[in-house]
Amino acid sequence: GTITPLDDDYLWRVNDHGKTIREIRRWSKNDAEAYEEYGQLMAEMARFIKPILSIVPPDPGKISPRDWLPLGPLAKSFKELPQKLQTTFIQLMTMSAADFLDQWFETEPLKATMSASGIIGTFQGPRSPGTAYVLLHHYMGEIDGAFRAWGIPKGGTGGISYSIANAALSLGAEIRTETKVTNIITKGGRAIGVALEGGEEVHADVVMSSLDSRWTFIHLLEKGILDPEFESDVMRYKYRGSSGKVNLALDGLPELACKPGRGEWLRGAISFSPSLDYMERAYDDAKYGEFSKRPYIDCIMPTLVDPSMAPPGKHTMSCFVQYAPYHLAGDNEWTPERRDAFGETVIDTLEERFPDIRSKIVGKLVLSPKDIEDWTGLSEGNIFQGELSLEQLFFNRPVPGWARYRTPVPDLWMCGSATHPGGGIMGANGRLAALEYLKEKKKGRRAA
Amino acid sequence: MAKPQIVVMGAGHNGLIVAAYLAKAGHKVTVLERSSEAGGILRNTEIAPGFTAPGIGHTVGRLRESVIRDLKLMQHGLELLTPDVRMFAPQPDGSAVTFWGEAERTASEIRARNPKDADAYLAFDKKVRVIASFLAYINVATPPDAKSPSLSDAIMGLKLGKAFKDIGAVAGRETIRSLPMAVADLVQEIFDDEALRGPLSTRGVKFTATGPWAAGTAAVFLNDSAGNDGGAPGEATFAKGGSGALAAALVKAAESYGVTIRTGAEVTEIRTTNGRVVGVKLADGSQIDTKAVVTAADPKRTLNLCDPVELGPHMVWRANNIRTPGATAKVNLALSGLPTFNGADDVDRLKGRIVIGTSIDHVEKAKDAVKYGHLAEEPWLEATIPTLVDPSLAPEGKHVMSVLAEGAPRHLRDSTWDAERDRLGDVTVKTLERFAPGLGELIEAREVITTEDFETEYGLSGGHVYHAEPGLDQFFAWRPLAGEARYKLVFDGLYLAGSGAHPGGGVTGGPGSNAARAILGDLD
């Protein structure tokens, strides 16, 4: 569930549908009714959209019907959609999350909290056109077969990585950690392997990069291999990290002022999103190069789900914070002082809802987008390896004309969030890249 | 057999154009206009005795050449005045950038500021022209029917496909990438100088509620250049005698084909039976029976004149969700002399559009205010001094200044437009004075037309000049609504021919002439 704390009240949506409807009815009868209809519509929509995630985008520069063939079934299924769903699809692709939700709902905390999934990880506000799409993007995470069930995995999200790693190992893959690739080796314009820190070279038939396009093409490839036009397309690709992270170690469970006590509501997400204006103002600050004075915070306490993550009786709080722009106004840098100020702003914001939180903090970790870049190698700290704006999706992801996992360097492939269908823990990008590669390999063998 | 009578609602430019085309094809057409005068947003107003200013639209350069030709507008008195300059953009530091019709001339002046931007400008102008040339094809097209594409759709599709192919693979990719972009990104990735970025970005947000950081504003910019010789700086063409003179020429053209224009005739109800139009009811209680009603009013207003039971709850919901967030107001000034602008050594520079949009941030902040229901402290402005190209609009030696003030939401959260009218005028003049010191002392009279007036006086829902926000969600095949983009609107016999239809707002005549083609195809 998700609870949105407010001054004297709260909005608490839970996985129990009936309960959520009753809660929304407390705010607005109309919204409770609309919520049902909306949920059904979005589920139908997600079912239609899902196949798009498995399409390898064509090159819009080529107009030969063969290139567009994969879109045929999609166009056909669009035509067969009822008008209502066609309209919804177009709206989702083009509208702002706020405009889209305004059609349905009137309760501010409800709209604001729902809009949050439209802006997470993007440098856009809920009133920015195109964010309704991202709203759906997040609906498509299908965990345990239920749409829009945001899972909190046991052992943290790290648990997912470990299980994927185990699967790979069991199939014979080798994983080498603490092995930094310093460059991609090419010979006669083809990728033939990678060079590691320390000088070792690993030769391979194919190099698959799950790094973003700036790392892959600009940092790791030797200069002069790429066509300058391609290189400038890579350079103008937008990253614009917009989020920060604050992790707190707490020596006890904090209490919400608007809903005191320790209960179920603390086990899910706690969303600092009281109104659309609040969210939009947070974005306005970032637009002009400042971190939000009152940010949107998505906060969870993983120890309530998995107590093993902290000593007995202690807790951790993980806060996803938006907005913290990578590029600050006046060419300012993210200094340690500025990072501390950002952390304090987040704690001040938390304190407005959790009045006792400051006294419980025994440790904290604050990450600016610059830190996220340094820690993870994600350019500009963008968690999706490139802004999910309309001009950077589908055909155009990660480079216009190169959306098919291949790159201008033969045997160098892309397979990360930088590619279609974008970021999020979906695994679709890696799967599609692998399938595409296997298809090509088979074709090559047949030709030979 | 005599062709049936067609009723056209609204005598704005699109209403008059569609009426003229239909009458030219032999139909009996009556135009019903709610106000006492034809012309819509082109109407002239008199600010003070002897000072004539355009009510809303002050330039007419995007008017389709085919419309001018087909309706013989020149013979009916239209005279177009096109100065060399398109846009003059003064800066806070006292300098200015002038955008001329000739890209080379603009670039050579920019070179003194920033050589890199000078080269970039030439490339940008070229790119805009290529993409705009493709959009010009789209603008003439009737949007396709997603449900059951017909043979003509297929032909149109092939034509568009060919036009797309003709611009080449690189430009094709660039077109697809550019349209959904934010105009701020479009100009920021090319220019270093805010003095170029700011004024150019305004072209994507004129008459919109969004700022230049909104996705899809690049499409508004590019569309504004489509059709005529727009290029990077856009058009700056005036009608001699004021914009109202274009309206007068359209009235004459329409009447020459036998159109009857009735002013002071407000339609209060569009009558339908079983999904078919049967007539209209007027404010005076009279009725006109007709099987075809063409509306040049905005789609939200139009559908609200229809029977909600016939529309059905879903269509009522959709109609009321057509987004019409007006955010632009108008200030007309009667000046005792010509104001001096910083950076304008030569009066020629002031003859086009004078744009006060000094940086992307300035333009964005003006539109931020709209989101929270406030009047911007410093709106971005597009001013013209039509008396510089047409001195007849003011007494000798005096001038008229027509200013579009952007950042004035239709609905104010903490106040009313009655209370804020003067402040709107003051804020506008104050903003101008930062770049034209002493302008305030030249003002002999001032007319403030608020966003609310746009709704009440001009009949524009939400005070939106473009009838419906030109966002990506109300574009091409889904303007004004998905499934209703082919000029027929919901009912058999009801047609949309105003800016709420493809290709959208602006004085282009596009919706009116496209609609006429679709209606004639339907009726004949």
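This is a predicted model: local features need pLDDT of at least 70, side-chain atom pairs count only at pLDDT 80 or more; totals for chains, interfaces and linings use all residues.
In chain A, A:K245 stands opposite A:L367 of strand β13(A).

- Strand β9 of chain A, residues 243-250, is joined to β13(A) by six bridges, and the two strands run antiparallel.
- Both strands belong to an open sheet of seven strands in chain A, with the order β2-β1-β10-β11-β12-β9-β13 and mixed pairing.
- At the edges of this sheet you will find β2 (10-13) and β13 (361-367) of chain A, each of which pairs on one side only.
- On average, neighbouring strands of the sheet are turned by 20 degrees against each other, with direction ignored.

**Where chains A and B touch**

- Between the two chains, 31 residues of chain A are in contact with 31 residues of chain B.
- On the chain A side, the elements that give two or more residues are α5 (83-94) and α12 (276-287).
- Helix α5(A) provides the largest share of that side, with six residues.
- By residue class, the chain A side divides into nine nonpolar, twelve polar and ten charged residues.

**A:P126, a loop residue**

- A:P126 sits in the loop of chain A between α7 (108-119) and α8 (131-139).
- Is A:P126 buried or exposed? It counts as buried because it has 30 C-beta neighbours inside 10 Å, and 20 or more are enough for that class.
- Beyond its neighbours within four places in sequence, A:P126 is in contact with A:S96, A:A97, A:A98, A:S115, A:G118, A:I119, A:T131, A:L276, A:M279 and A:E280.
- One of these contacts, A:S96, is 30 residues away from A:P126 along the chain, yet their C-alpha atoms are separated by 6.2 Å.

**B:Y137, a helix residue**

- B:Y137 lies in helix α4 of chain B, which covers residues 115-140.
- Setting aside residues up to four places away in sequence, B:Y137 touches B:K159, B:L160 and B:A163.
- The C-alpha atoms of B:Y137 and B:S415 are separated by 44 Å, and these residues are 278 apart along the chain.

Terms used
Residues are numbered from 1 along each chain as its sequence is written. Chains are lettered from A and ligands numbered from 1 in the order in which they are written. Helices (H or I, at least four residues) and strands (E, at least two) are DSSP runs, numbered from the N terminus. Two residues are in contact if their C-beta atoms, placed from the backbone, lie within 7 Å. A residue is buried if 20 or more other C-beta atoms lie within 10 Å of its own, exposed if 12 or fewer, and partly exposed in between; C-beta atoms are placed from the backbone. Two strands pair if DSSP finds at least two bridges between them. Axes are lines fitted to C-alpha atoms, for helices over the stretch in contact, and angles run from 0 to 180 degrees between N-to-C directions. Ala, Val, Leu, Ile, Met, Phe, Trp, Tyr, Cys and Pro count as nonpolar, Asp, Glu, Lys and Arg as charged, and the others, Gly among them, as polar.
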